[in-house]
Amino acid sequence: MNCLTEQDFAVFSVPGLEARMDALKETLRPKLDMLGQELTPFLSAETGDEMFYHVAKHARRTVHPPKDTWVAWASNKRGYKMLPHFQVGLWETHLFIWFAIIYESPVKPLFAERLEQEWETLREAIPKHFVWSFDHTKPDTFPHSGMDDEKVNELIHKLKHVKKSEVLCGITLSREQAATMPAEELLKTVEETFDTLLPLYRLSHA
């Protein structure tokens with residue numbers, strides 16, 4: 001795929017829904033599409049599931065322009081939001097590489113139970129520079145190094161009992177870092193991140 005550039009991140013400062021959508025389609029969507037194609041065979045081999053990629057269309061938007069965009073991979077050709085999935089995407093400030101279970105997924109209580117059982121192993125297996133998110137609609141992240149027992153118990157409780165709860169884990173790269181990274185290095189970084197996140201994916205399917 002082509003490298004990401006400053007122009008790709010600058011898309012999110014284009015004013016107006018129509019103009020921003022046009023800019024997204026012109027600059028970013030072809031790169032996300034290519035990233036989807038490139039990584040689908042890798043993820044299918046790693047997970048043991050046939051994976052399909054989905055580039056965000058933002059089709060339901062009628063007023064507010066999107067503040068982020070992404071490509072997601074899941075084991076369903078028709079959609080990904082109901083399933084545990086992987087994502088690569090951009091906000092204006094950074095690139096994100098996630099394993100994600102969002103609010104529409106029915107596996108959250110089961111995942112929470114298994115997370116509770118396996119947390120001590122996972123705590124060590126996930127690198128300290130990884131981050132967590134608990135709402136995919138916001139750019140904020142929480143460091144893995146800060147995931148103490150209290151925070152983990154709070155997450156497990158929400159996943160079990162709160163309908164809108166979400167959990168995402170992975171890494172972020174600053175706009176400057178991502179925009180200067182050669183394409184081969186970016187692909188390698190995504191693959192290594194997904195590889196590290198495989199235990200979470202397996203936990204959601206076990």
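This is a predicted model: local features need pLDDT of at least 70, side-chain atom pairs count only at pLDDT 80 or more; totals for chains, interfaces and linings use all residues.
1. Phenylalanine 134 pairs with phenylalanine 142 in a tilted arrangement, 6.3 Å centre to centre with 50 degrees between the planes. Phenylalanine 134 is likewise partly exposed, with a relative accessible area of 29%.

2. Now for a buried pair. Both phenylalanine 86 and phenylalanine 99 are buried. Their ring centres are 5.8 Å apart and the planes sit at 65 degrees, so this one is edge-to-face. Phenylalanine 86 belongs to strand 3 and phenylalanine 99 to strand 4 (residues 94–101), so the pair ties together parts that are 13 residues apart in sequence. The count of aromatic pairs comes to nine, and one aromatic cluster takes in Trp73, Phe86, Phe99, Phe111, Phe194 and Tyr201.

3. Phenylalanine 86 is worth a click for its surroundings too. Beyond its neighbours within four places in sequence, its contacts include Leu43, Met51, Trp73, Trp98, Phe194 and Tyr201. In the largest nonpolar core, which has 54 residues, Trp73, Phe86, Leu95, Phe194 and Leu200 touch the most other members. Helix 2 (residues 17–47) supplies the largest share of this core, ten residues. There is also a second, separate core of twelve residues, with Trp70, Ala72, Ala74 and Tyr80 among them.

4. Strand 2 runs antiparallel to strand 1 (residues 52–55), with four bridges joining them, and valine 55 has valine 71 as its bridge partner. Strand 2 is also antiparallel to strand 3 (residues 85–91), through six bridges; there, tryptophan 73 stands opposite phenylalanine 86.

5. Last, a look at a loop. Serine 165 sits between helix 4 (149–161) and strand 7 (167–174), yet has a relative accessible area of 6%, so it is buried. Its side chain reaches the backbone oxygen of valine 162 at 2.7 Å. Leaving aside neighbours within four places in sequence, serine 165 is in contact with Ile102, Tyr103, Lys108, Lys158 and Leu159.

Key:
Residues are numbered from 1 along each chain as its sequence is written. Side-chain values use heavy atoms; hydrogens and water are left out. Two strands pair if DSSP finds at least two bridges between them. Helices (H or I, at least four residues) and strands (E, at least two) are DSSP runs, numbered from the N terminus. Buried means under 20% relative accessible area, exposed over 50%, partly exposed in between (1.4 Å probe, protein chains only). A polar contact is a pair of N or O atoms within 3.5 Å; within protein, one must be able to donate a hydrogen and the other to accept it, and residues adjacent in sequence count only if both atoms are side-chain atoms. Contact means heavy atoms within 4.5 Å. A nonpolar core is a set of buried Ala, Val, Leu, Ile, Met, Phe, Trp, Tyr and Cys residues joined through side-chain atoms within 4.5 Å. Rings of Phe, Tyr and Trp (its six-membered ring) pair if their centres lie within 6.5 Å; planes under 30 degrees apart count as stacked, over 60 as edge-to-face and the rest as tilted.
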